[in-house]
Amino acid sequence: MIGLGFIFCAINTIKKKCIAAYKTTKVNAGYNSRISADVHLYNPENIFIGKNSYVNGGHLVAGKKSRIYIGENCMISYEVHIRTDEHIFADVIRNINVQGNKENDIRIGNNVLIGFGAQVLSGITIGDGAIIGAGAVVTKNVEAYTIVGGIPAKLIR
């Protein structure tokens with residue numbers, strides 16, 4: 001999950017650019033897209049970012065078999081958590097450790113704004129031009145050109 005290059009750069013905390021440069025080399029990023037050095041990336045080879053998009057501090061957690069697709073001209077704020085895997089819950093199995101997990105792709109359209117601290121869960125599609133309010137937990141697909149917010153995220157307008 002964490003490569004030797006990441007550990008080497010993390011030890012040298014004075015050079016944060018070193019961390020950003022190493023991590024972003026494995027991300028499939030479009031022209032003029034940027035990822036902050038504060039973004040934690042997991043399986044970066046399964047993360048695709050369109051041109052002119054910006055990802056600030058937070059977490060992009062792609063599974064080994066699933067992908068995160070972020071469109072063009074998107075702005076993703078600080079502390080946003082986007083994760084393609086989730087725990088499987090079955091109340092007939094009492095041991096939580098053997099229930100497993102599943103992975104589903106996340107697709108974020110073009111011109112999307114995701115506010116501070118929002119969470120986008122596995123299998124979600126966010127349409128073009130949508131706005132996700134700060135702190136929202138997105139558990140269902142978001143239609144294009146809508147604004148959602150809250151826990152769970154609901155239509156605002």
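Five strands form an open sheet in the order β1-β4-β7-β12-β15, and their pairing is parallel. The edges of this sheet are strand β1 (28-29) and strand β15 (125-126), each of which pairs on one side only. The structure is a predicted model.

**Chain overview**

- The chain contains 2 helices and 19 strands.
- Of the 157 residues in the chain, 38% are buried.
- The accessible surface of the chain amounts to about 9200 Å², and carbon and sulfur atoms account for 56% of that surface.
- When contacts between residues at least 6 apart in sequence are considered, 18% of them join residues at least 24 apart.

**The β4–β7 pair**

- In general, the strands of a sheet pair through backbone hydrogen bonds, in either a parallel or an antiparallel manner.
- Strand β4 (residues 47-49) and strand β7 (residues 68-70) run parallel and are joined by 3 bridges.
- Within this pair, Ile49 stands opposite Ile70 of β7.

- Asn56 is situated in the loop between β5 (54-55) and β6 (58-61).
- Asn56 counts as buried because its relative accessibility is 11%, and the cut-off for a buried residue is under 20%.
- A polar contact of 3.5 Å links the side chain of Asn56 to the side chain of Tyr54.
- Beyond its neighbours within four places in sequence, Asn56 is in contact with Ser36 and Val39, and also with Ile76, Ser77 and Tyr78.

- Ser66 belongs to the loop between β6 and β7.
- With a relative accessible area of 1%, Ser66 is therefore classed as buried.
- The side chain of Ser66 makes a polar contact of 2.6 Å with the side chain of Thr84.
- A polar atom of the Ser66 side chain also lies 3.2 Å from the backbone nitrogen of Gly63.

**Points to locate in the structure**

- Asn56, in the loop between β5 and β6, can be viewed together with Tyr54, its side-chain polar partner.
- Ser66, in the loop between β6 and β7, can be viewed together with Thr84 and the backbone nitrogen of Gly63.

Methods: Residues numbered from 1 in each chain as written. Predicted model: local features only at pLDDT ≥ 70, side-chain atom pairs only at ≥ 80, totals over all residues. Heavy atoms only, no water. Pairing = 2+ DSSP bridges. Helix = DSSP H or I, 4+ residues; strand = E, 2+ residues; numbered from the N terminus. Buried < 20%, exposed > 50% of the residue type's maximum accessible area, 1.4 Å probe, protein only. Contact = heavy atoms within 4.5 Å. Areas by Shrake-Rupley, 256 points an atom, 1.4 Å probe, with all protein chains shown as cover. Polar contact = N/O pair within 3.5 Å; in protein donor to acceptor, adjacent residues only side chain to side chain.
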